[in-house]
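Thanks for coming. I have one model to go through, so please look at the screen.

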Amino acid sequence: MIVSINRFAQRADRNSPEIVKELRKMGAVVAIIGQPVDLMVSFNNRWLPIEIKDPQSPSAAMKRIQMQFVVKATAPIAVICDIDAAIAFVRDGESYAITLQEKIEIQKWLKDNPDEKKLALNTFWRLIGRM
């Protein structure tokens, strides 16, 4: 069993336990880290950062620190909402990964909104053109 390496308790998204369970069932090593993303997943000799969001939560949002990490990450990184997306991303490292163009849009938002601490999830999806 892998436990969180985060020193402080984080409130997990409602859909996180099932996603973690399914990733482990497929043989992935899953570290629950909490910040700057929810998971670091090792599969097929690579580590993949994953941020899980619950689209059913009225408070679902991307925090500024998460968006900054997404923009700076050179490895594939994904923001996912369901098991199918998580499995697809972990299997190929590309499906659902944030693209360079999406990173550029996030970077623009960060620059244009220096005082904003978070962005509502639906607004985030619209920002990067996925909604």
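Contact, in what follows, means heavy atoms within 4.5 Å. The model is predicted, so local features need pLDDT of at least 70 and side-chain atom pairs count only at pLDDT 80 or more, while totals for chains, interfaces and linings use all residues. Residues are numbered from 1 along each chain as its sequence is written, and side-chain values use heavy atoms, with hydrogens and water left out.

I start with Asp-38, in the loop between strand 1 and strand 2. Strands are DSSP runs of E, at least two residues, and helices are runs of H or I, at least four, numbered from the N terminus. Leaving aside residues up to four places away in sequence, Asp-38 touches Asp-13, Ala-31, Ile-32, Ile-33, Ile-50, Glu-51 and Ile-52.

Asp-38 is buried, meaning under 20% relative accessible area with a 1.4 Å probe, protein chains only. What about a salt bridge? Asp-38 has none; the nearest side chain of opposite charge, Lys-53, is 5.7 Å away, and the definition asks for a side-chain nitrogen of Lys or Arg within 4 Å of a carboxyl oxygen of Asp or Glu. The Asp-38 side chain does reach the backbone nitrogen of Ile-52, at 2.8 Å.

Four strands form an open sheet, ordered 1-2-3-5, with mixed pairing; pairing requires at least two DSSP bridges.

Strand 2 (residues 39–43) and strand 3 (residues 46–52) run antiparallel, joined by five bridges. Ser-42 stands opposite Trp-47 in strand 3.

Conventions:
Buried means under 20% relative accessible area, exposed over 50%, partly exposed in between (1.4 Å probe, protein chains only). Lys and Arg count as positive and Asp and Glu as negative; His and the chain ends are not counted. A polar contact is a pair of N or O atoms within 3.5 Å; within protein, one must be able to donate a hydrogen and the other to accept it, and residues adjacent in sequence count only if both atoms are side-chain atoms.
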